[in-house]
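Good morning, colleagues. Please have the display open as I speak.

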Amino acid sequence: MTAVDYLSLVISALLLAGIYAAMAVGMTVIYGVMKIVNLAHAGFLMLGAYFAYEMYERFHIDPILGAVIALPAFFLFGMAVYWVLVRWLPKSDTPTLASLLLMFGFWQVLQNVAYLVWGNTAYSIFTPRSLASVHIGEISISKDKLIVFTAAVISLVLLQFIFNRSWFGRSMRSLIQNPYAAKIVGVDDQRTSMLSFGLGTAFAGFAGALLAMLYPFTPDFGPPFLLRSFVIIVLGGLESISGVALGALILALLETFSINIPLPWYWHGWNFSYLPASYQPAVSFVLLVVVLLVLPKGFAGLFEKKWRVA
Amino acid sequence: MNDKFFRISICLILLALLGAVPLLAQDTINIGVVMPMTGREAKPGLYQKEGIELAIKQINGAGGITIKGKKLQLKEIFYDDGSDSAKSAALTERAMSSDNVVAVIGGYSTALGEAESVMPDRYQTPWITAGAAATSIFSKGYKYTFGTLSPVVLLGSTTAEFLGSLVDQGKLKKGLKIALVVENTDHGVDYVNGINEWIGKHPGYFTVVLTEKFDLGGTDFSALLQKVKTARADIFLSDAHLQDYITMQRQYLQAGLHHQMISYGARGPESDARKALGAGTDYILAALWWSDRLPYPQVQKFVNDYKAMYNRPPDSWYAATAYDSMRILAQAIQAAGTLDKTKVRDQLAKAQLKGSLLPGMVLSYGPNGQAGYSFLVTQNKPGDKVDIVYPKDAATGPAVAPMP
């Protein structure tokens with residue numbers, strides 16, 4: 001491999017990290033405040049993709065603008081879901097079986113509703129930009145991936161800002177740190193939870209709309225992203241926005257380089273060989289197991305005092 | 001108490017016998033159909049179901065099948081396996097054990113077909129797959145398993161043979177390097193074996209510089225495509241299912257890759273792909289079991305009938321192989337003259353469907369239960385056009401090589 005090939009791999013990993021961060025950040029917000037492992041996240045991603053598609057097909061709205069419109073639309077949708085379903089769950093400091101089952105069931109409902117509405121056809125959004133690339137020497141960078149990367153960075157910065165600078169952010173952080181103390185000092189946990197659920201859903205819908213620019217989608221769209229989102233938030237430390245960025249970057253780098261760089265292994269002496277590409281999905285799960293065993297608070301736990309926003 | 005128990009028992013036995021009456025005096029021939037209507041394989045599954053239903057409609061419209069002097073109508077008992085292997089096997093078992101079916105048609109795609117293929121011999125019920133062609137299904141000595149698709153090894157070797165013919169014509173140079181990227185299934189393994197088999201028998205034509213596998217339903221192939229780029233190959237051959245084909249080709253183009261020839265195995269002309277990628281699918285090659293461009297009158301009739309029933313033309317080969325699977329099954333039942341599954345199986349093993357839609361116009365199954373007709377190679381052309389480019393006698397247009 002030449003230096004250009006390595007550089008191309010690094011860029012590819014960075015862009016992939018952007019996609020991963022965009023899809024995982026909504027899940028972190030909801031877990032952080034409510035300790036709910038939101039299995040319906042995959043359903044929200046899927047609905048976000050269809051939202052962008054409908055906006056594009058019916059109203060000729062560019063999917064980027066469609067993703068921006070998805071933010072308020074899914075914020076309201078998320079608050080409605082919270083009001084109708086989630087608020088009845090028993091409060092807990094740890095994820096409960098009831099919340100897991102509720103969100104899993106809701107995901108199934110969303111999926112089946114999508115089958116009723118859109119059928120089993122694989123949809124995709126094809127714009128004049130879809131196959132366009134930016135060329136820097138021998139390196140080609142997909143314009144759509146660049147846009148998704150930029151959107152992911154903006155959403156992470158925006159969330160950090162909300163967490164650090166707004167009243168709502170302070171309420172969220174207090175609930176994450178100590179829900180009982182937060183309530184004693186007057187934080188309205190019901191209202192904050194509802195807004196947090198809305199915010200998490202908004203970012204899931206936003207991410208789904210962005211992903212629709214890159215991949216074909218069906219009502220089954222979501223599970224591969226859901227699994228990677230799990231890995232990322234565990235890597236990042238479950239409740240940390242900056243941890244999401246770090247987790248996404250680590251996962252993307254490992255997935256990209258593991259199949260492109262010869263790895264050392266020992267059998268009658270040291271050998272080097274490539275990891276077969278079909279093992280690439282296993283990278284994330286091996287990483288998940290290792291992190292849970294060695295760093296249960298994720299990589300962000302290492303830098304807890306400085307990095308943890310909540 | 002004993003008397004009461006006795007009377008209840010008699011009532012239950014009578015009820016059970018009443019339930020069995022329809023089985024004894026059956027006026028329909030139940031055919032189990034297990035296909036994915038949801039999940040990853042939903043679209044091809046739908047097309048196969050439509051092909052079967054068109055054949056059933058036509059056979060019933062012509063009066064049905066005569067069994068012991070009585071005309072019986074075909075009745076489809078349908079199950080959606082959700083593109084899930086375990087569910088697919090369970091539903092096939094259910095159809096064979098509880099639905100009184102004479103045979104089951106199912107098994108799109110290879111992974112689902114493999115899961116289903118263990119059931120037919122267990123329940124001694126004929127099973128035809130119109131969408132799975134991996135050697136592994138037909139090499140286990142099963143007696144009740146039949147496959148309407150020619151082997152995937154042949155798909156690979158036909159692709160290599162076609163590329164070799166381009167070298168002979170001077171359109172491609174000798175000694176070109178091939179990158180092989182295939183799905184991590186027996187389908188993919190067979191495809192690689194087919195390519196390597198041909199290259200082994202024809203030294204000097206091509207060299208394989210990269211062989212990689214990927215998981216079905218992948219989301220991001222950028223790292224894998226980077227490996228393809230690094231391999232500096234001249235020809236890119238993949239074996240992928242529809243969604244993976246769309247995702248990979250999109251990322252291939254975005255990565256600025258270009259090869260002299262590209263193929264995704266048996267995928268290429270699908271309308272979903274052309275809608276998703278526009279001109280990005282132009283010049284892609286596909287080795288197919290069937291094409292609507294075949295110059296047979298029955299193909300034109302099938303296309304017209306399909307359009308009349310579903311208001312759209314058949315998309316690629318999926319419906320045609322399913323249609324012929326149903327027709328050859330009906331012919332075997334008619335020849336057996338009974339609904340005895342073993343006799344139907346024996347007839348299927350020696351059946352010859354003349355006037356078949358498939359290349360060669362005769363469908364029959366080999367000793368291992370799998371059909372063995374030749375493949376067609378098609379190439380997408382600009383303006384949503386698709387030409388058969390190989391074999392020569394069926395060609396509807398010239399092959400464009402190397403790709404512009």
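**Domains of chain B**

In chain B, 16 residues of domain 1 are in contact with 18 residues of domain 2, where a contact requires C-beta atoms, placed from the backbone, to lie within 7 Å. On the side of domain 1 of chain B that touches domain 2 of chain B, H2, helix H4 (110–116) and helix H6 (135–138) of chain B each supply at least two residues. H4(B) gives the most to that side, with three residues. By class, that side of domain 1 has six nonpolar, six polar and four charged residues. Here Ala, Val, Leu, Ile, Met, Phe, Trp, Tyr, Cys and Pro count as nonpolar, Asp, Glu, Lys and Arg as charged, and the others, Gly among them, as polar.

A word on provenance: this is a predicted model, in which local features need pLDDT of at least 70 and side-chain atom pairs count only at pLDDT 80 or more, while totals for chains, interfaces and linings use all residues. Residues are numbered from 1 along each chain as its sequence is written, and chains are lettered from A and ligands numbered from 1 in the order in which they are written.

The bounds, which come from an automatic or database domain assignment, are 8–150 + 295–364 for domain 1 of chain B and 153–288 + 376–394 for domain 2 of chain B. Taken over C-alpha atoms, the centres of these two domains are separated by 31 Å.

**Chain B as a whole**

Chain B has 14 helices and 15 strands; these are DSSP runs numbered from the N terminus, helices being H or I of at least four residues and strands E of at least two. The radius of gyration of chain B is 23 Å, close to the 22 Å that the globule rule gives for 404 residues, so chain B is as compact as a globular protein of that length. That radius is taken over C-alpha atoms, and the rule is 2.2 Å times the number of residues to the power 0.38. Along its principal axes, the C-alpha trace of chain B spans about 85 × 45 × 40 Å.

Of the 404 residues of chain B, 57% count as buried. A residue is buried with 20 or more other C-beta atoms within 10 Å of its own, exposed with 12 or fewer, and partly exposed in between.

How many residues of H10(B) are buried? The count is 13 of 13, so H10(B) is largely enclosed by the rest of the structure. After H10(B) comes Gly256(B), with a positive phi near 70°.

**Where the chains meet**

The contact takes 35 residues from chain B and 32 residues from chain A. On the side of chain B that touches chain A, helix H9 (222–231) and helix H10 (242–254) are among the elements that each supply at least two residues. That side divides into 11 nonpolar, 14 polar and 10 charged residues.

**One loop residue**

Finally, Gly119(A) lies in the loop between helix H4 (97–118) and strand S1 (133–136) of chain A. Is Gly119(A) buried, exposed or partly exposed? With 15 C-beta neighbours inside 10 Å, Gly119(A) counts as partly exposed. The C-alpha atoms of Gly119(A) and Thr218(A) are 8.2 Å apart, although 99 residues separate them along the chain.

Technical notes:
Two residues are in contact if their C-beta atoms, placed from the backbone, lie within 7 Å.
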